Amino acid sequence: MTPLPITDYTAASALGVGREATLSTLRAGRGGLSAQHFETAALETWIGQVEGLDGAPLPAELAEWACRNNRLAWLGLQADGFAQSVARAARRWGSRRVGLFLGTSTSAILETELAYRHRDPETGALPSSFRYEQTHSTASVAAFARRALGLEGPAFVVSTACSSSAKVFANAQRLIALGLIDAAVVGGVDSLCLTTLYGFNSLELLSREPCRPWDAERRGLSIGEAGAFALLERESDAPAAWLLGCGESSDGYHMSSPHPEGLGAIAAMRGALAQAGLRPEGVDYVNLHGTATSNNDAAEDAAVRAVFGTGLPCSSTKGATGHTLGAAGALEAVICMLALRHGFMPGGLNRLSPDPALQCNYLDANREAALSVVASNSFGFGGSNACLLLGAAR
Amino acid sequence: MSGGVLNCWVRGVGLLGPGLSDWATGRELLAEPSRWVSAPTVVPAPSRLPPAERRRAGGIVKVGIAVADQACAQAGLDPRDVATVFSASTGDGANCHALCETLATPQRAVSPTRFTNSVHNAPAGYWHIATASRAPSTSLCAHDASFGAGLLEAASQCLCGQQPVLLVASDVPYPQPLQATRPLLDAMGVALLLDTVPGDAPLLRLRIEPGDAAPEGCGHAGLEALRRGIPAARALPLLQRMARGLAQPCVLEVLDGLSLAVTVEPA
C-alpha cells in the first residue's frame with residue numbers, strides 16, 4: 001500500500017489524558033494500574049481506570065448520549081486539540097469526505113447492567129431512563145463521535161473484541177485508497193464494566209495483582225479503559241507518523257484461546273509486512289498484544305519468533321495501561337507513535353521472573369533508540385488478529 | 001480507481017427471514033411479493049459446526065452460518081479461502097440478557113461460555129472455526145444502517161484485496177425487557193459473496209456509490225414492515241432488484257444523510 005499520513009493522534013488512559021501525560025508516565029517507567037474499587041465489583045484485581053470520568057459532563061446538545069463510554073470518548077477527542085485537527089481536516093476535505101471508524105468491545109453495557117438492577121418489580125421492564133441507541137447499541141460511540149465532531153462521511157463501529165481498534169486503521173486505509181473518502185478519524189473506546197470484570201474472572205483469566213506480561217508467574221490480565229484516536233489523511237505536508245501496513249487474519253481455532261503456535265498471529269504480521277513491502281529486519285520494535293495470560297503470551301512469543309526471530313526488541317505496555325480491550329489497538333498505536341516520535345522503546349512493567357519458555361527479546365526497561373518502523377499486535381476472542389506497521393514522520 | 005464508485009460481482013446469495021427459508025425460494029417470492037406469506041423465521045441447525053461449538057452457538061451464530069453456507073455453495077467457493085465481513089446491529093440478544101440478569105444477582109456467577117459468546121464477532125469466530133479458515137475477517141455495526149455499512153466494507157475489501165469477500169448481515173431479536181427498548185420483528189440473515197471476477201456462474205454485478213438520496217422502501221406493505229423492523233432487512237430493496245434482474249439503481253440507508261446507490265447489472 002501507499003504509506004498513509006497520520007496527521008494527529010491522542011489518547012486518554014490510566015497513563016493520563018493526552019500525549020504529554022502518556023509520554024511522561026511511560027518515560028518514568030510508571031504504570032497506571034490500581035487496586036480495583038470500580039462500582040460495586042467485589043473482585044480482587046487491579047485495573048487501569050481513567051480518573052474523573054464520572055463527573056465529566058457532555059455538552060448539552062450531546063447530553064442524551066451520556067454514559068461512561070461516550071464520556072471517555074469525549075475526553076479523548078478533546079485532548080491535545082484533536083477535535084480541532086478533525087475540524088481542520090473537515091474544512092480541507094469536506095465533512096462528507098471524512099470517515100469515522102471506531103473500535104469497541106462492550107460499548108456502554110455498564111448502563112444496561114445498572115438498568116437491570118432497577119427493573120420494574122411488576123413487569124420486569126427496564127427504567128424509562130434507559131436509552132438503547134445512545135448507550136447500549138454497539139454503534140453508539142461512532143454515532144456519538146460523528147455528532148460531536150460534525151462529520152457526515154461513512155461511519156461504523158468495528159467490534160472484533162480486543163483487535164477492534166487496530167482493524168479500523170485498515171477500514172480507513174481501504175476507503176481512502178478507493179477514493180470514497182479523503183480522511184478518517186479512527187480509534188477505540190472501551191470503558192470499565194462488570195461484564196468484562198466478572199467475565200474474565202469466570203474464565204480464570206483475571207490477575208489478582210498488576211498483570212505481568214512475559215513473566216513465568218503471570219496469572220492473567222488487568223482490565224483497563226481508554227479512548228484513543230488518530231487522524232488519517234490522503235496527503236499531508238506535516239505528517240506526525242505514517243501508516244505503512246495493516247495485516248488481518250483469523251485463527252479459525254477456538255473462541256477464547258489463541259492457536260497454540262500462533263498461526264493466525266503469524267499470518268497477520270506477515271500480511272502487514274507484505275502490505276508495507278517490508279522485510280522483517282526493517283522493523284525496529286514490536287508492541288506486543290501481551291495480555292499476561294498464560295496461553296496468549298506463549299502463542300504470541302512463538303508467532304513473533306517465527307516472523308522476526310529472537311533478536312527484535314519487543315514489549316507489552318499492558319502492565320502500564322491494563323488491557324483496554326476494544327481500545328487496545330488504538331491506544332498501543334498511539335504509544336507506538338510516541339515511541340517513534342521521541343526515540344524510545346517502552347519497557348514492559350511488572351516482570352519479576354522472566355519465563356524461560358518465552359524467547360523473544362523482551363524489554364524490561366525503556367531503551368533509547370532512533371526508530372523508523374514499529375509493529376503493534378492486537379488479538380481478540382473469536383480468533384481475530386491484527387498487526388499495524390507504523391513509520392516515523394521523517 | 002474511479003472516483004468513489006465500487007464495482008463488484010455477486011457470485012452467491014444467502015437469505016433467511018420471516019417467510020423466507022433460503023435465496024432459491026426467497027428470490028421467487030421477492031420477485032412476486034403477493035406470493036410471500038409472513039411466518040416466523042425458522043433457523044436451521046448449524047450442522048457445519050463441530051459438536052462442542054454447535055452446543056454453545058447462539059441464535060445469531062446459527063442465522064449467520066445458514067446464510068453464509070448458501071452463498072458459498074452457490075458460488076462454488078471453498079469458504080476456507082474467503083475473507084468475511086459480518087455485520088449485525090448487535091450481538092446475541094438472549095446471551096446479553098442472560099449476562100445482565102446474572103450481573104444483577106448478588107452472586108454474579110457469570111458463565112464463561114456466556115461471556116465468550118458475548119463478543120460481537122461471535123458469528124465470525126464460529127464460522128472461521130467451522131471452515132478452518134484463517135482468512136481475514138471483520139465484524140461491524142452501524143445500528144439500523146448495519147447492512148449498508150457492511151456492504152461498503154465488504155466491497156472495499158474485495159476491491160482493495162482483489163479477492164472474494166463474504167458479507168454476512170444478521171440480526172436476532174432480544175428477549176424482554178431489552179426487546180421493549182429495541183424491538184426487532186424477527187431473526188433475519190442476508191449473505192452476499194462479492195468478487196472482482198465473475199466466476200463460472202455469475203449472477204450479477206453491483207455498482208455501489210455513496211450519495212445523499214433518500215433510502216427507498218419495498219413497495220409492498222409486508223416487506224416494507226420487515227425492512228423497517230429488522231436492520232438486516234434494509235437489504236430488501238436490493239434483493240428485490242436482484243430477484244427481478246432489474247438494472248435500476250436502488251438507494252439503501254447507510255447513515256443520517258448518507259446513503260448508497262446500488263445498481264444491479266444482470267450478468
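Helix H2(A) is followed by A:Asp80, whose phi is positive, near 55°. This is a predicted model, in which local features need pLDDT of at least 70 and side-chain atom pairs count only at pLDDT 80 or more, while totals for chains, interfaces and linings use all residues. Residues are numbered from 1 along each chain as its sequence is written, and chains are lettered from A and ligands numbered from 1 in the order in which they are written. Helices (H or I, at least four residues) and strands (E, at least two) are DSSP runs, numbered from the N terminus.

**Helix H2 of chain A**
- H2(A) spans residues 68-78 and is mostly covered, with 10 of its 11 residues buried (20 or more other C-beta atoms within 10 Å of the residue's own, C-beta atoms being placed from the backbone).
- Among the buried residues are A:Arg68, A:Arg71, A:Trp74 and A:Leu77.

**Contact between chains A and B**
- In chain A, 55 residues are in contact with 55 residues of chain B (C-beta atoms, placed from the backbone, within 7 Å).
- Elements of chain A that give two or more residues to this side include helix H4 (109-115), strand S6 (155-158), helix H7 (164-177) and strand S10 (241-250).
- The side of chain A that touches chain B has 25 nonpolar, 21 polar and 9 charged residues (Ala, Val, Leu, Ile, Met, Phe, Trp, Tyr, Cys and Pro count as nonpolar, Asp, Glu, Lys and Arg as charged, and the others, Gly among them, as polar).
- S6(A) is joined by 2 bridges to strand S3 (residues 137-141) of chain B, and the two run antiparallel (strands pair if DSSP finds at least two bridges between them).
- A:Val158 has B:Leu140 of S3(B) as its bridge partner.

**Strands of chain B**
- Strands S6 (residues 204-211) and S8 (residues 258-266) of chain B pair in the antiparallel sense over 8 bridges, and B:Leu204 is partnered by B:Pro266 in S8(B).
- Strand S7 (residues 249-255) of chain B is joined to S8(B) by 6 bridges, also antiparallel, with B:Pro249 opposite B:Thr263.
- The hairpin of S7(B) and S8(B) has 2 residues between the strands, and B:Gly257 there takes a positive phi near 75°.

**Helix packing in chain A**
- H7(A) packs against helix H12 (residues 328-342) of chain A at an angle of about 75°, with the axes 4 Å apart.
- H7(A) is therefore roughly perpendicular to H12(A) (angles of 65 to 115 degrees).
- The contact is made by A:Ser164, A:Ser165, A:Ala166 and A:Lys167 of H7(A) with A:Ala328, A:Gly329, A:Ala330 and A:Ala333 of H12(A).
- These contact residues divide into 4 nonpolar, 3 polar and 1 charged.

Note on methods
Contact = placed C-beta atoms within 7 Å. Buried ≥ 20, exposed ≤ 12 C-beta atoms within 10 Å, placed from the backbone. Axes fitted to C-alpha atoms, helices over the stretch in contact; angles between N-to-C directions. Parallel < 35°, antiparallel > 145°, perpendicular 65-115°, else oblique.
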